[in-house]
Amino acid sequence: AKAHVEVDDANSALAKHVRNKDRPTLEGMWTRHAPRGPGNKPIYVPMSDNLARITIFNIYVDKITADISDDRDHRATRQTLPEFTYDFYLFKFGLQEFAEMH
């Protein structure tokens, strides 16, 4: 059974912890569909150095563009770089499992 916690301030550290404790970690979301190797550890897809540089460049360019757009829309909040990278692969490949492998 889950304990009920009374929180005075909705923005306190305890309130944030209580709200977020059941949320999956970003790494957990990225790797939940990845093939597993020894010790049930996810197997990552290797990239050549050149492909990694090009991919990182594209992620940064798209992230900067998205941040500029978010800044213009005063109600929008910026994504963190890990969140943006996940979405970058998700939209690039269109399949969640394939995005999580990269």
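Let's start with aspartate 71. Its relative accessible area is 41%, so aspartate 71 is partly exposed. To count as exposed, a residue would have to be over 50%, and to count as buried, under 20%. Keep those two cut-offs in mind. And keep in mind that this is a predicted model.

What does aspartate 71 pair with? It forms a salt bridge with arginine 78. The closest N and O atoms of that pair are 2.6 Å apart. Why would two such residues pair at all? Side chains of opposite charge can pair when their charged atoms come close.

Now arginine 78 itself. Its relative accessibility is 48%, so arginine 78 counts as partly exposed. Arginine 78 also forms a salt bridge with aspartate 67. Here the closest N and O atoms are 3.8 Å apart. Where do these two partners sit? Aspartate 67 lies in helix 3, while arginine 78 lies in the loop between helix 3 and helix 4, so the pair ties together parts that are 11 residues apart in sequence.

Next, aspartate 67. Its relative accessible area is 10%, so aspartate 67 is buried.

Aspartate 71 bridges to arginine 78. Shared partners join Lys63, Asp67, Asp71 and Arg78 into one network of salt bridges. In total, the structure holds 4 salt bridges.

On to helix 3. It covers residues 49-72, which makes 24 residues. How far apart should its ends be? At 1.5 Å a residue, the helix should span 34 Å. The end C-alpha atoms are 35 Å apart, so the two values agree. Which residues of helix 3 are buried? They are Thr55, Ile59, Lys63, Asp67 and Asp70.

Now the aromatic side chains. The structure holds 1 aromatic pair. Its members are phenylalanine 88 and tyrosine 89. The ring centres are 5.5 Å apart, and the planes stand at 90°. That makes the pair edge-to-face. Phenylalanine 88 is buried, because its relative accessible area is 11%. Tyrosine 89 is at 5% relative accessibility, so it counts as buried too.

Step back to the whole chain. How many helices and strands does it have? There are 5 helices and 0 strands. Read from the N terminus, the order is α-α-α-α-α. Of the 102 residues, 17% count as buried. The accessible surface comes to about 8100 Å². Carbon and sulfur atoms hold 58% of that surface. Now take the contacts with a separation of 6 or more: 39% of them join residues 24 or more positions apart.

Last, confidence. The chain averages a pLDDT of 75. Of its residues, 57% score at least 70. Where is confidence lowest, and where is it highest? It is lowest in helix 1, residues 13-20, with a mean of 57. It is highest in helix 3, at 92.

Terms used: Residues numbered from 1 in each chain as written. Predicted model: local features only at pLDDT ≥ 70, side-chain atom pairs only at ≥ 80, totals over all residues. Heavy atoms only, no water. Helix = DSSP H or I, 4+ residues; strand = E, 2+ residues; numbered from the N terminus. Expected span 1.5 Å × (residues − 1). Buried < 20%, exposed > 50% of the residue type's maximum accessible area, 1.4 Å probe, protein only. pLDDT = per-residue confidence, 0-100. Contact = heavy atoms within 4.5 Å. Areas by Shrake-Rupley, 256 points an atom, 1.4 Å probe, with all protein chains shown as cover. Salt bridge = Lys/Arg side-chain N within 4 Å of Asp/Glu carboxyl O. Phe/Tyr/Trp six-rings, centres within 6.5 Å; stacked < 30°, edge-to-face > 60°.
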